[in-house]
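Please open the structure in your viewer and follow the stops below in order.

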Amino acid sequence: MVKRVDGQQSTLWRGLKVIGIGIRQEPLMFSAAVLGSALYGAGTAGGGWLLGRITDSVLAPAFAAGRIDRGDLTTAGLVLAGVALVTAVGVVGRRVAAGLTSYRLQARYRRLLTRQYLRLPLEWHHRHPAGMLLSNANSDVEATWMVFAPLPMAIGVVVMLVVASAAMLVADPVLGAVGLLVLPWVVVLNAVYQRYMSPAVTRAQAERGEVSSVAHESLEAAAVVKSLGREESETQRFSASADQLRRANVRAGRLRAAFDPLMEAIPTLGTLAVLAVGAWRVQTGHAATGDVVQVAYLLSLVAFPLRSMGWVLGEIPRTVVGWERTSAVLSETASMPYGSTEPAPGGAVPVELEKVAYAYADDEGAPHEVLHDIDLQVKPGRTLALVGPTGAGKSTLATLLVRLVDPARGTVRLDGTDVRELRPGGVAELAALVPQGTFVFNDTVRDNISLGDPRFSDEDVWHALEVARADGFVRHLAHGLDTVIGERGADLSGGQRQRLALARALVRRPRLLVLDDATSAIDPRIEAEILAGLGTLADRPAGSEPGVTVVVIAYRRATIALADEVAYLENGRIADQGTHAELLERSAGYRRLVTAYDHDDEPDAPARDLDEEAEELVVDELLNEAAAPPGDGPGPETGSGEDLTEMTRR
Ligand SMILES: Nc1ncnc2c1ncn2[C@@H]1O[C@H](COP(=O)(O)OP(=O)(O)OP(=O)(O)O)[C@@H](O)[C@H]1O
């Protein structure tokens, strides 16, 4: 009957199934909580029964005789104290165990979700906003398992309900029956409550996810919002979303507020009925005063289990909504297939792309191809600059090279092996990507570089920092490698953050390094030093290719100048490939783009002449240096480089 698919019943059924899953995962803790609750129920109901007996056998005779038997009174007091102790142990046990059940389940599902987020391929993440994922791992998990706080109480006090009902009927069947008349009303009330509450709670939970998404976006874009003076409109956007959540919560709260007093009132009305009928039955000699006291007391006790069942039923819609939202993520099967090929040891790897195409899914899920038939080779140890107008597909190509995504067609080969055939973790051993957006963890410099990997000693970390030309500023930090960098590296300059991100990739001694605009805030001279120094990272078997193969997405002439060759990408195709000079000569698109880089931002740059001069000096020098093999001689030492960086940024 419960399974019938109308709104309320199916919600209840689905909720019970989720509860079943939780119980199977925490059977011991849950049983302990129910046991504690049963002790409490038995103790409380037993106390009621005892009270009736004490009234009849100790108090009533004492009133009749006009004197009290101290022995009887002491025994009665001790028995009642014993029962109270059992009840107290039950309450504490139930609270602790119920809390542990709920929080352990929450912790387990947060871990599962986090693992799933990390396991799911980038394509899946493209389709799911980060705010939504946060909401899944936070409020949805909480909503799912909070039901385990009142549940043991509701189940345990069934004992109380049964004991109290039996005791009522034994004390006086007529009075007991009058008292038990409240039960059907409670069931009806709960059914009505579920029907109205379920959609209200579903709505509130969805709104909670939405608020979380908007908040996450606003915080992510804090700098943009502030710099463009959009605080007011962002505040309004957030307010609108928060307002929707408030309305949804208020609606759910109103329903709860209407339901709770009714739930309270029903047993109280029952007690009134028991007292009225009881007074009449005592008068007519059909019942003893103790029976009336006992039934009235037991009925007031029954109010509690009924309420706790109401709490559980009130939580069930949230449980169902939370579970559906989290299990949607957990049941995602999207994954990347892996082979078992071990990456062969060696030095710089050759890179080969053959007829590679890649498509993103649009809003309707239809594929939208952004890279078409890419054929590209990079010889080991060479540096290739990927150049192209915005949206040409450079970053997408970078993610394919390190297998963050797989091509829709074609093959990406590293060291002659299709990346799909490498064992899990194989690509990460060969290649490292430093992405466009530099991410720095709110952690020490050391952990930002090693990411907690114990394979890397402090010596390795310092060496990577040296190659990334980050050792200078790290040595000046208050605690060196132990300095905790503020959230997202807010304490560092853009160039410093980029160099840390670079060191993070370099410490892993990649044999292919992919830099997606990862040096844009670094002074070109330092950038040249970094690329020239990459060879010193190599700790490779004799006879293997030296150094590192580098693919660098370049936006500045200074960066392009550092490459051995250039691939010019236009509308998702390789329009031309060759040296910078060759492309300047024969590719009109490339020429236009590179010239545009030269004159970019012209109207807005106040120190334009100085900028141009500085950049041209550096670029000319670099173009000359680029002709010589890397590592021919160290570049000039240029201090922090941040000032020059700002001058020479396009
Ligand atoms: N997550 C995504 N979902 C859908 N389309 C995307 C996604 N990321 C990029 N695209 C689209 O793919 C195309 C190539 O984007 P990509 O970021 O690779 O270009 P790019 O050359 O690196 O651009 P830029 O120089 O601006 O960084 C663009 O048309 C872009 O709109």
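**First stop: two helices**

The crossing of H8 and H11 is right-handed, meaning that the near helix is turned clockwise from the far one by less than a right angle. This is a predicted model, in which local features need pLDDT of at least 70 and side-chain atom pairs count only at pLDDT 80 or more, while totals for chains, interfaces and linings use all residues. Residues are numbered from 1 along each chain as its sequence is written.

Select residues 182–220 for H8 and 289–330 for H11. Helices are DSSP runs (H or I, at least four residues) numbered from the N terminus. The two axes lie 8 Å apart at an angle of about 30°; axes are lines fitted to C-alpha atoms over the stretch in contact, and angles run from 0 to 180 degrees between N-to-C directions. H8 and H11 are therefore roughly parallel (under 35 degrees; over 145 counts as roughly antiparallel).

Next, display the contact, including Tyr193 and Met197 in H8 and Leu313 and Pro317 in H11. Contact requires C-beta atoms, placed from the backbone, within 7 Å.

**Second stop: H2**

Now select residues 27–65, helix H2, whose axis comes within 9 Å of that of H11 and crosses at roughly 160°. That makes H2 roughly antiparallel to H11. Among the residues that meet here are Trp49 in H2 and Tyr297 in H11.

Which residues are around the ligand? Select His126, Tyr360, Val370, Gly388, Thr390, Gly391, Ala392, Gly393, Lys394, Ser395 and Thr396, each with its C-beta atom, placed from the backbone, within 6 Å. Helix H12 (residues 394–401) gives the largest share of this shell, three residues.

Definitions and conventions. Angles under 35 degrees count as roughly parallel, over 145 as roughly antiparallel, 65 to 115 as roughly perpendicular and the rest as oblique. Two residues are in contact if their C-beta atoms, placed from the backbone, lie within 7 Å.
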